[in-house]
Amino acid sequence: MRNKLLAAALVGGTALYARDRGRKRLGVPYQEARRRVVIVGGGFGGISAFRQLVDSFTGSDEIGVLLLDRVNYTTFWPMVPSAISGNVEVRHMAYPLRRLVIPRGGEFFQGEVVGVDFERKKIRTEFGECDYDHLILAPGSQTAFFGTKGAKEHAIDLKGLREALEVRGRIIDRFEEAERLRGKVPEEHLTFVFVGGGPTGVEGISDAHDLIFDVLKDDYPSVDFDRVRLVLVNAGERILKGIDPSLANAASRRLAAQRVEVINNTKVDEVSPEYVRLSDGRTLPTRTTVWAAGIQPPPLVEGLDIEKDGRGRIIVDEYLRVKNRPGVYAVGDCVTIDYDGPPVPALAQSAEQEGRTAALNLAAELKGGELTPFRYRHLGQLVDLGESSALTDILGVRVSGLLGALIWKGVYLYELGYNLNRAQVLFDWTVDLFTRPNISKLFVD
């Protein structure tokens, strides 16, 4: 019954949302435009800004747009932890930036942005300089280790698809070793520690549970799976701090049912190849530590000659303009907004809303219109809890369990936004209903 319900919901969701919107185009290429707009970063904020600029200048020869990113794809970040359990093919969580940008009249260059000369209006990249008249900075963020001894060297930061694959590969390696050692398996081989009680940490350890108990168990008959220990270390009083307490409690109960140990009010003082030392004096023997405890601005932001807050984030005004830098906007995890509203969480929906507002204000600036102050609208949040369970809070409607999982899949199937990826992900989920994911360690360096 469960499989039929899931399959019906997924098919229905695809039929409802898979129609691609009619594509609009800019009227002139970036290289030939009178006004050149450069967007740095192809994540949620950068893509949202690009789409809005296309909407605002469809068919116009007013501007040309260039998007720069160090990789040639955009990652659908909410699904990254799913790469651990393997119920979605990794390449289906990414989409080529060229196929987003080129059909809409923009240009895309792959390359690392290493600096910006605001006086000369030039962007420095690893392949040379790019000119701009207007600039939208959306470089995203990087993992923050908070100075924890050994964390950067010995923990895997669950920041992207490559890292999620590394977590998956590391777990499989531990079970390969345990199978060879049979009854002489040290405790640290079967202890897996995740650091960070936010959505990424909770989703990561839930997907690790699914990988271990739903995928690997039948492949390692000599391993005593009762000895497996999954530990989530959380610095706060409870996990999922920014989510409604009733849903957070539901997540705690779900993790407890999965035999996941949650250690609250505790920080990690040290990470080594063989253990994790906690702030309360305890030591957890482990050879697999996954870090999902926080973010900070990327190195590019650190080197920019602009005003920043105490955490190194770019300070922007209520219109998302970088202070004292005319024609420059910034959006996403790397900014802090100097306005009278509440702090904006580092979520995909925040970056999308900021990117759209920045592009609207840039368009208004060029057309002589009135600028729109940014106001964050919280649309809700979704947290994957592994096989057939998720938390969803959409506009105040809160659901957990199997129904939450159905909503989670339907929303993200829609948010993928590209027909090809939708079909591929739907196929992955459908196959996962009837088969176990492949445990081959392909494409892992």
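Which residue in β18 is the bridge partner of Phe192? In this predicted model, the bridge partner of Phe192 in β18 is Thr288. Strand β12 (residues 191–195) and strand β18 (residues 288–291) run parallel and are joined by four bridges. Both belong to an open sheet of five strands with parallel pairing, ordered β11-β18-β12-β13-β14.

Over the whole structure, seven aromatic pairs are found. In one of them, Phe175 and Phe225, the ring centres are 5.1 Å apart and the planes stand at 15°; the pair is therefore stacked. This pair links distant parts of the chain, 50 residues apart: Phe175 lies in helix α6 (residues 161–181), and Phe225 in the loop between α7 (199–216) and β13 (229–233). Phe175 is buried, its relative accessible area being 0%, and Phe225 is buried at 5%.

Two lysine side chains are placed over aromatic rings. The charged end of Lys159 sits over the ring of Trp77, 5.7 Å from the ring centre. Lys367 lies over the face of Phe57, with a distance of 4.6 Å to the ring centre.

Glu270, in strand β15 (residues 268–271), is buried, with a relative accessible area of 13%. Its side chain makes polar contacts with the side chains of Tyr275, at 3.0 Å, and Arg277, at 2.6 Å. Beyond its neighbours within four places in sequence, the residues in contact with Glu270 include Thr148, Lys149 and Val276.

Technical notes. Residues are numbered from 1 along each chain as its sequence is written. This is a predicted model: local features need pLDDT of at least 70, side-chain atom pairs count only at pLDDT 80 or more; totals for chains, interfaces and linings use all residues. Side-chain values use heavy atoms; hydrogens and water are left out. Two strands pair if DSSP finds at least two bridges between them. Helices (H or I, at least four residues) and strands (E, at least two) are DSSP runs, numbered from the N terminus. Buried means under 20% relative accessible area, exposed over 50%, partly exposed in between (1.4 Å probe, protein chains only). A polar contact is a pair of N or O atoms within 3.5 Å; within protein, one must be able to donate a hydrogen and the other to accept it, and residues adjacent in sequence count only if both atoms are side-chain atoms. Contact means heavy atoms within 4.5 Å. Rings of Phe, Tyr and Trp (its six-membered ring) pair if their centres lie within 6.5 Å; planes under 30 degrees apart count as stacked, over 60 as edge-to-face and the rest as tilted. A charge sits over a ring if NZ of Lys or CZ of Arg is within 6 Å of the ring centre and within 35 degrees of the ring normal.
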